[in-house]
Amino acid sequence: MLGVAAMLPLMQLMTGADPTSGALGYVSRLVGTTDTQPLIMSVALAVGAAFALKSIVTMVFRWWLLGHTTRLEAEAAAELMRRYVMAPYWAHRERKVSVINRNIGTSVSQTFGQVVLGLISTMADVLTLIGVSAVLMAVSPLATIFTIILFSLLGWGLQLALRKRHLQVGQSIAQSDLDAWGSLMPGLQGFRESRLASSTDVFVSRFRKAKSARAQAIRLMTMLYELPKYVLELGFVVGIAGITSVLFATSSPESALSVLGVFAAASVRLLPTINRVVATAGSVRSGQVGMQILVRELEELDANGYHSDEPASSERFQGDVVFDKVSYSYPGSETEVLRSISVTIAQGKTTAFVGSSGAGKSTLLDILLGLLEPTSGTISCGGRNILDDTPTWHAGLSVVPQDVYLLDDSLEQNIAFGKATGQVDSERLSEAIALAQLTAVVEELPEGVATRMGERGVRLSGGQRQRLGIARAMYRRPDVLVLDEATSALDNETERKISETIDSLSGSITIAIVAHRLSTVKNADKIVFMSDGTVEAEGSFDEVQMNSPEFARLVALGKLG
């Protein structure tokens with residue numbers, strides 16, 4: 001505003017106006033002379049200083065703005081991840097990893113990198129336009145009104161013409177990113193399967209198609225952002241011609257030239273600013289697609305509720321674990337996966353849950369872990385409902401899954417999962433390694449417990465990964481140890497060793513085992529045989545074999561009788 005305003009006395013001086021009257025008189029008194037030459041020099045310096053200050057302030061503001069919005073974007077991505085990992089387990093199981101990746105990446109980026117950044121930038125640009133327009137209105141109201149009408153019509157027309165295209169571009173980018181993730185993960189996570197099936201080219205082709213679609217969308221988006229610039233430049237030429245006609249028709253040539261000089265200086269600020277406003281409006285519109293996806297996802301996450309890691313008590317659960325008439329149906333389904341299950345897992349004993357696929361073992365295990373809430377019935381430990389304080393329940397609980405997730409980190413960090421390097425208890429670490437029969441393995445590693453395991457534990461065999469899973473579980477010194485098909489993918493010798501490890505723990509902690517292979521559970525204190533969501537028989541191995549024809553048939557098939 002100051003730079004543009006200072007152009008008026010400068011142009012007046014250059015066209016020979018009286019330096020003692022009007023705005024020039026104020027400048028003359030301020031400088032202390034009416035001599036034209038020093039006045040021109042002084043005003044020119046003031047104009048240059050004003051524009052230089054504008055450039056410095058603009059850069060400082062831009063630096064702050066980019067820092068602010070990128071920080072918001074990072075915080076939003078982290079918060080979205082937190083909501084995903086704290087979502088109910090049943091909702092997590094229904095969610096696609098490709099959608100999560102797209103939302104944390106593209107949707108958050110579009111929301112903050114385009115919509116939020118665009119709106120804040122537009123607010124600053126609109127203030128600039130208002131300020132410069134106020135100066136021009138004081139200089140020449142008629143020419144200013146003509147300029148405002150002309151560029152308003154051009155800007156509105158461009159937005160009207162490009163609105164649909166902006167939305168299409170945003171949708172294309174969101175969809176292509178989703179398709180790219182959907183093609184990338186099978187090719188990498190299913191590396192062996194895709195290699196052996198000779199289907200690598202299929203996933204690469206899909207990925208290339210998705211990335212090409214994104215590239216075309218980015219190309220179109222860039223052109224849509226740049227197109228208004230060329231239209232507005234043409235409008236600027238028409239505007240100058242119109243302003244010149246208006247000024248020379250309504251004022252003297254000297255006055256007209258002075259005002260034209262001010263408008264020419266103003267155009268240095270107005271034209272780029274109008275270009276940015278129009279282009280940013282398009283960017284905001286295409287970014288709304290990602291923002292709408294993000295909003296819908298947040299609404300769904302909020303509606304499902306969140307898990308809390310804050311314990312309600314410091315007193316750990318002790319005693320028998322009791323399922324009392326537990327039934328379960330998945331959300332949106334009326335079919336009961338479990339029907340009125342009543343069973344007790346005795347403290348310090350080993351209880352094994354067996355049954356054919358679809359019997360409900362995995363669902364029962366998820367309820368035991370506190371990941372699913374029964375549709376009806378309760379599960380308690382020592383008389384306390386575990387769902388009343390799941391963080392405390394989890395504190396005394398460890399699980400060894402069939403597929404142990406390993407970090408691309410040291411053996412130490414894999415066993416002390418989630419602990420910072422300086423927080424690892426070396427005594428606990430050694431104890432867990434010994435209990436899992438990993439001592440010999442550690443001694444063979446080049447850097448001992450500091451040896452990196454590689455992504456997905458490529459340095460370890462299947463049996464060693466399972467024993468690492470047991471070590472991780474035992475590092476927590478649990479009261480209840482749950483093994484979920486922990487030996488189903490192992491050879492007989494490795495299974496025998498792990499079974500010996502489990503047997504050695506019996507009596508010191510409560511153990512719950514879910515298994516298909518009956519050899520894993522033959523020595524359990526109690527067998528619970530499940531069929532079609534109910535408990536068909538329970539007792540010792542021989543008792544269940546005697547009372548359940550289906551279990552007896554499985555024993556015969558496994559040649560374990």
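The dialogue below takes up these topics in turn.

Me: What kind of model is this, and how are its residues numbered?

Reply: This is a predicted model, in which local features need pLDDT of at least 70 and side-chain atom pairs count only at pLDDT 80 or more, while totals for chains, interfaces and linings use all residues. Residues are numbered from 1 along each chain as its sequence is written, and side-chain values use heavy atoms, with hydrogens and water left out.

Me: How many helices and strands does the chain have?

Reply: Helices (H or I, at least four residues) and strands (E, at least two) are DSSP runs, numbered from the N terminus. Here the chain has 18 helices and 10 strands.

Me: What is the radius of gyration of the chain, and what would a compact globule of 561 residues have?

Reply: The radius of gyration is taken over C-alpha atoms, and the globule rule is 2.2 Å times the number of residues to the power 0.38. For 561 residues a compact globule would come near 24 Å, but this chain has 36 Å. Along the principal axes, the C-alpha atoms fill a box of roughly 115 × 50 × 45 Å.

Me: What share of contacts joins residues at least 24 apart in sequence?

Reply: Contact means heavy atoms within 4.5 Å. Among contacts between residues at least 6 apart in sequence, 74% join residues at least 24 apart.

Me: At what angle do helices α3 and α5 cross?

Reply: Axes are lines fitted to C-alpha atoms, for helices over the stretch in contact, and angles run from 0 to 180 degrees between N-to-C directions. Angles under 35 degrees count as roughly parallel, over 145 as roughly antiparallel, 65 to 115 as roughly perpendicular and the rest as oblique. The axes of α3 (residues 36-85) and α5 (residues 97-139) come within 9 Å and cross at roughly 150°, which makes α3 roughly antiparallel to α5. In the contact of α3 with α5 there are 17 nonpolar, 6 polar and 2 charged residues; Ala, Val, Leu, Ile, Met, Phe, Trp, Tyr, Cys and Pro count as nonpolar, Asp, Glu, Lys and Arg as charged, and the others, Gly among them, as polar.

Me: How do helices α13 and α15 cross, and which residues make the contact?

Reply: The axes of α13 (residues 426-435) and α15 (residues 462-475) cross at roughly 135° and come within 8 Å. The two helices are therefore oblique to each other. On the α13 side the contact is made by R428, L429, A432, I433 and L435, and on the α15 side by A471, M474 and Y475. By class, this contact of α13 with α15 has 7 nonpolar, no polar and 1 charged residues.

Me: Is S176 buried or exposed, and which residues does S176 contact?

Reply: Buried means under 20% relative accessible area, exposed over 50%, and partly exposed in between (1.4 Å probe, protein chains only). Of the 561 residues of the chain, 43% count as buried. S176 lies in helix α6 (residues 141-189) and is buried, with a relative accessible area of 3%. Leaving aside neighbours within four places in sequence, S176 is in contact with A210, A213 and R214.

Me: Where are S380 and T390 found?

Reply: S380 belongs to strand β4 (residues 376-381) and is buried at 16% relative accessible area. Not counting residues up to four places away in sequence, S380 touches D320, V321, V322, N385 and I386. T390 belongs to helix α11 (residues 390-395) and is buried at 12%. On the same exclusion of residues up to four places away, T390 touches H307 and G370. T390 and I240 are 150 residues apart in sequence and 72 Å apart in space, C-alpha to C-alpha.
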